[in-house]
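Me: I would like to go through this model and ask what stands behind each label. Please set each value against the rule it rests on.

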Amino acid sequence: MFYNTDLTSRLMLGTARYPSPAVLKQAIVASGAEVITVSLRREGAQGTAFRELLAESGCRLLPNTAGCYSAREAVTTAQMARELLGTSWIKLEVIGDPDTLQPDPFGLVEAARILCAEGFEVFPYTTEDIVVGERLIEAGCKVLMPWGAPIGTGQGLRNIEGLRSMRAHFSDVPLVIDAGIGAPSQAAMAMEMGFDAVLLNTAVANALDPVAMAAAFARAVEAGRQAHVAGLMPRRDMATPSTPVFGMAELA
Amino acid sequence: MISVLGAGVAGLCAATALAERGLSVEVIVPEGAPDPASNLAGGMLAPFCEGESAPEVVVARGQAAADWWAARVRGVVRRGTLVVAPPRDAAELDRFARATRGHVWATPAELEPELEGRFARGLYFADEAHMDPRAAMADLRAGLAELGVAFHCGAPSGLIVDCRGLSAQDRLPDLRAVRGEMLEVSAPDVALTRTVRLLHPRFPCYIVPRGDGRYMIGATMVESARSGPVTARAVMELLSAAYTVHPAFAEAEVTATGAGLRPAFPDNLPAIRQDGDRIHLNGMYRHGFLMAPVLAEELAQMLIQEPAHAD
């Protein structure tokens, strides 16, 4: 599914801003996630204690380059991540705007090209822009992570039609909705639309009960996936009675 | 004899609670020991606000802290906490209200006239307090001296109560550092009389008045053991948050910056732990001034009831 790694769970969890590592650990268990992200830019080499706690969860760590504003910063952070964590997976974020945390597609493609050439397995955090997606694939990415909405906003899938087009265009590329998911219903919708996974953080970390919310998301993601596989009925403009009108008995 | 190791907030509270019960106590700070992280604390006694992320036990037990401090040190200001959010993050206030108790909705300018026209609504936690942590610790030390407690850097001669904070990682493998950064400013143009917390999805901050136009602005929370000086990013975040609360903070003089490492257990809860015949009081995280008195009293109660331990 992702760089020759098959996962059972299609929910990936961010690890920032939980009340405590203990709560985070319980939330990871409740979510069933097998991949968790970890940020390095700010914590640096001396964030070992927290990362060890994360490693104890048994999940695969997906280090990210959160907080990087240029390709160069992101590349350096990725290299540090590989060195510290011994994984070539990297969730590549190059932020273009500090207010919306919108990805900078130019820096992103540049960094992706460098990192793929260095043997990294890159998970780029991008927009639903198809051309940017093409460039990332060209650069060597085998996964794309389009945003649902800006990080931490909980607005869900802000451009549903754009995401639908992206899904249709990249039918063979694993696509993960990353960022902006605020409610399980939104995660379910992403899965119903055929996305391969969702990655979220704030919606769980900032819930009043993160562990219960993690469980809620796990079910939603599973339900959405199951619905997608089962084949959703098409939307229709007119009502279609489930029982035919003609040929009914007249009981008068 | 009871030998308290460490003279941060945990050590001083423990020594105080023990000495007040008539036990003979010494406080030991080895030469070259790092400055206690408590020096950099906000000094907020805000159990209800902490409930936003801390479990109920902190809220429930932390309520005793303000009285404990007021009975022993000068300068406990009981004017509550005002929580505000920039208009575009108003939803954060609703979340904070749902996550906490002990508050009423308030018009910020009615409590702090200086905030006139800046925030339409806020949450007021009337039963919270604040103080200057260094002054409070100095008063505790003076109180301990009066009770005949000696401070020295020699070898312990009695039952060890280990309050060394992060230095106790040699015996507490699950103790980790959570880096915090803070600023002190002198802003005579700003007249805030109580702790103001600014909610922000990314840079939450609090401003604690220290009197005479001085304010403490804190604090970052970074999962790192890096002990170096404050980062430019932290300064920018904290100052921009303070500026959001009151634009006159732009003219403030930055009088001090600080970066320290909070000792924390995996559940971020301060705890008493038995370790052979040594007792730890550690993991204060961001709840030192709130929870150290409570745990110190519990510890003293334990030792009174088990005199066999306190030889």
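**Labels and their grounds**

Reply: A:G180 sits in the loop between β7 (176-178) and α7 (184-192) of chain A; helices (H or I, at least four residues) and strands (E, at least two) are DSSP runs, numbered from the N terminus. This is a predicted model, in which local features need pLDDT of at least 70 and side-chain atom pairs count only at pLDDT 80 or more, while totals for chains, interfaces and linings use all residues. Residues are numbered from 1 along each chain as its sequence is written, chains are lettered from A and ligands numbered from 1 in the order in which they are written, and side-chain values use heavy atoms, with hydrogens and water left out.

Me: Which residues does the UniProt annotation "binding site" cover?

Reply: The unreviewed entry lists A:G152, A:A179, A:G180, A:N201 and A:T202. UniProt positions are given in the numbering used here, feature names are shortened, and annotations may be inferred rather than shown by experiment.

Me: What makes these residues gather at one spot?

Reply: They span 51 residues in sequence, yet no two of their C-alpha atoms are more than 9.1 Å apart, so they gather at one spot.

Me: Why is the pair A:R167 and A:D196 called a salt bridge?

Reply: The term requires a side-chain nitrogen of Lys or Arg within 4 Å of a carboxyl oxygen of Asp or Glu. The closest N and O atoms of A:R167 and A:D196 are 2.7 Å apart, so the pair meets the rule. The pair links distant parts of the chain, with A:R167 in helix α6 (residues 160-169) of chain A and A:D196 in the loop between α7 and β8 (197-200), 29 residues apart. Over all chains the structure holds 27 salt bridges.

Me: How many residues does each chain give to the contact between chain A and chain B?

Reply: Chain A gives 20 residues and chain B gives 22, where contact means heavy atoms within 4.5 Å.

Me: What is the area that chain A and chain B bury between them?

Reply: About 1,800 Å², with 50% of it on carbon and sulfur atoms. Buried area is the accessible area (1.4 Å probe) that two parts lose on being put together, summed over both. On the chain A side, A:R42, A:Q46 and A:L208 lose the most area to chain B, together 35% of what that side buries.

Me: How do you know that B:R88 and A:D99 meet in a salt bridge?

Reply: Their N to O distance is 3.1 Å, and the limit is 4 Å, so the pair qualifies. The count between chain A and chain B is 1 salt bridge. The rule also finds 5 residue pairs in polar contact across this interface, both residues at pLDDT 80 or more. A polar contact is a pair of N or O atoms within 3.5 Å; within protein, one must be able to donate a hydrogen and the other to accept it, and residues adjacent in sequence count only if both atoms are side-chain atoms.

Me: Which elements of chain A each supply at least two residues of the side that touches chain B?

Reply: They are α1 (21-31) and α2 (48-55) of chain A. The largest share, 3 residues, comes from α2(A).

Me: On what grounds is chain B divided into domain 1 and domain 2?

Reply: The domain assignment gives domain 1 (1-77 + 130-168 + 267-311) and domain 2 (81-126 + 176-264) of chain B; such bounds come from an automatic or database domain assignment. The C-alpha centres of the two domains lie 26 Å apart. In contact are 30 residues of domain 1 and 31 residues of domain 2, and the area buried between these domains of chain B is about 2,300 Å², of which carbon and sulfur atoms give 59%.

Me: Why do B:R134 and B:E184 count as a salt bridge?

Reply: The N to O distance between their side chains is 2.3 Å, so the pair falls within the 4 Å limit. Across the interface of domain 1 and domain 2 of chain B the rule finds 4 salt bridges.

Me: Where is the cis peptide bond at B:A219?

Reply: This bond joins B:G218 and B:A219, with omega about -15°. B:A219 lies in the loop between β13 (214-218) and α8 (232-245) of chain B.
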